[in-house]
Amino acid sequence: MRSTRSERAGDSSSAVRRLLAVQAFRYQFVARASSNIGTSIAPVALTLGILQLTGSAGALALVLSAHTVVFLAVVLVGGVWADRLPRHRMMQVADSARFLTQGVFAGLFFLDCRVLWPYIALQAVNGFATAFSQPAAAGLTRLTSPPDLLRQANALLASTRNVTSIAGPLVAGVIVVFAGPGPAFVLDALTFAISAVMLGRLTLPPMTHAGDRSVREDLAAGWQQVRARSWLLISLSFFGVENALFSTFLILAPLALGAASGDTHWAYLVSAMAAGQLAGNAVALRWPVGRPLLVGRLLCLLVLPLFAAVAAGLPLWSLTVLAVVTGAGTSVAEVLWMTTMQARIPSEVLARVSSYDLLLSLSARPIGYAGAGLLAAWLGSREAVTWLAIAVLVTIVGGLLPRSIRRDGLATERLASNQVAP
């Protein structure tokens, strides 16, 4: 057993060295790490800044929702163009746009601007840029990493998000408290500038695209790729429900914890989940999985103990442990999902399929946010979390019932060779 563990550790270290020795992947890795710092800083800085200026939860909701609404409205078109144009160039333009918007945010906060519409407009532009960047990012890894290291590449890239998710909010909070939101957004803008420069250094082969097709035809072709794969369509349907339920939890849990033991406990749990995600990425680096769809679904069950513990009002130390477990399980599941997508979907349509993934998975989140308040008022926050846990259990188990998920035959060898499978 010890030798096996040592061999796996050596294999994962070797994989990381091989990946970082590839110039294209190294540029992508630095770009992702830098932009993730900005992405982790922005929500905290914006939330605290808007509340300082307006003191209104309604104003904050308008500003934050502008990003999501525009993102969901545009993401399918972003997927089409990410399959037509060089993906790294699209991401470079998107990060350049976010460099500008975050710089303007900084200026507004330095000027103590209390008019709301500029903040809403900037968030809308950010949502537009993200809608073009995220589908392109899903397909870029397949072009920058060796075919036999896709799983390790996804785990390594995901680790940058998890590290910044731990440190970024804390850095943002300290800067806002001691210097105000303006300096936080200056730092935020610089991270996107660095990412744009790194992406500009990439040199990749040109995309192949049938230039006579319209956007509508390209969208139809992408949807056909989704419909042709029962495992994909079924998974996305359940992801949408689960994301709505989890977004409801993100509202109800702080309410339940605040009523019991103070608002700061939720911040601890968010950091613990991020730490668990980082640990999960380390596991994904060295864990070859023969049935990634089935294993990913089973790992999602690890969110349930945290739901139950919040509903039961358990002490903070136990909640923290369970938050780490939740983060680890969801992180490995996400890496397995991304690797499966990249291995099974043809490269020329991968961005479009990814855009459908994002749309179907995330479109119900606003419903979850809106429903949380109604549930809390009707049932109380703790009892609502209890019923939420039951709903999550039913949904995850339901996602395990289809044969295409339970009998998933995508072997590790096929993932390693990067063959496209239906």
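**Rings, charges and a buried serine**

Trainee: Trp337: buried or exposed?

Mentor: Trp337 is buried, at a relative accessible area of 9%. Buried means under 20% relative accessible area, exposed over 50%, and partly exposed in between, with a 1.4 Å probe and protein chains only.

Trainee: What sort of model is this?

Mentor: It is a predicted model, in which local features need pLDDT of at least 70 and side-chain atom pairs count only at pLDDT 80 or more, while totals for chains, interfaces and linings use all residues. Residues are numbered from 1 along each chain as its sequence is written, and side-chain values use heavy atoms, leaving out hydrogens and water.

Trainee: How many aromatic pairs does the structure hold?

Mentor: Twelve. Rings of Phe, Tyr and Trp (its six-membered ring) pair if their centres lie within 6.5 Å; planes under 30 degrees apart are stacked, over 60 edge-to-face, the rest tilted.

Trainee: Which ring does Trp337 pair with?

Mentor: Phe239, edge-to-face, with 4.9 Å centre to centre and 85 degrees between the planes. Phe239 is in helix 9 (residues 230–261) and Trp337 in helix 13 (residues 316–344), so the pair links distant parts of the chain, 98 residues apart. Helices (H or I, at least four residues) and strands (E, at least two) are DSSP runs numbered from the N terminus. Phe239 is buried too, at 15%.

Trainee: What else touches Phe239? Start with Ser361.

Mentor: Ser361 touches Leu236, Phe239, Gly240 and Asn243, not counting residues up to four places away in sequence; contact means heavy atoms within 4.5 Å. Ser361 is in helix 14 (residues 350–362) and is buried at 7%. A polar atom of its side chain lies 2.7 Å from the backbone oxygen of Asp357.

Trainee: Changing topic: how many salt bridges?

Mentor: A search of the whole structure finds seven. The criterion is a side-chain nitrogen of Lys or Arg within 4 Å of a carboxyl oxygen of Asp or Glu.

Trainee: What does Asp83 bridge to?

Mentor: Arg87, with the closest N and O atoms 2.7 Å apart. Asp83 is buried at 0%, and Arg87 is buried at 1%.

Trainee: And Asp218? Which partner?

Mentor: Arg352, at 3.4 Å, N to O. Asp218 lies in helix 8 (residues 215–227) and Arg352 in helix 14, so the pair ties together parts 134 residues apart in sequence. Asp218 is buried at 0% and Arg352 at 2%.

Notes: A polar contact is a pair of N or O atoms within 3.5 Å; within protein, one must be able to donate a hydrogen and the other to accept it, and residues adjacent in sequence count only if both atoms are side-chain atoms.
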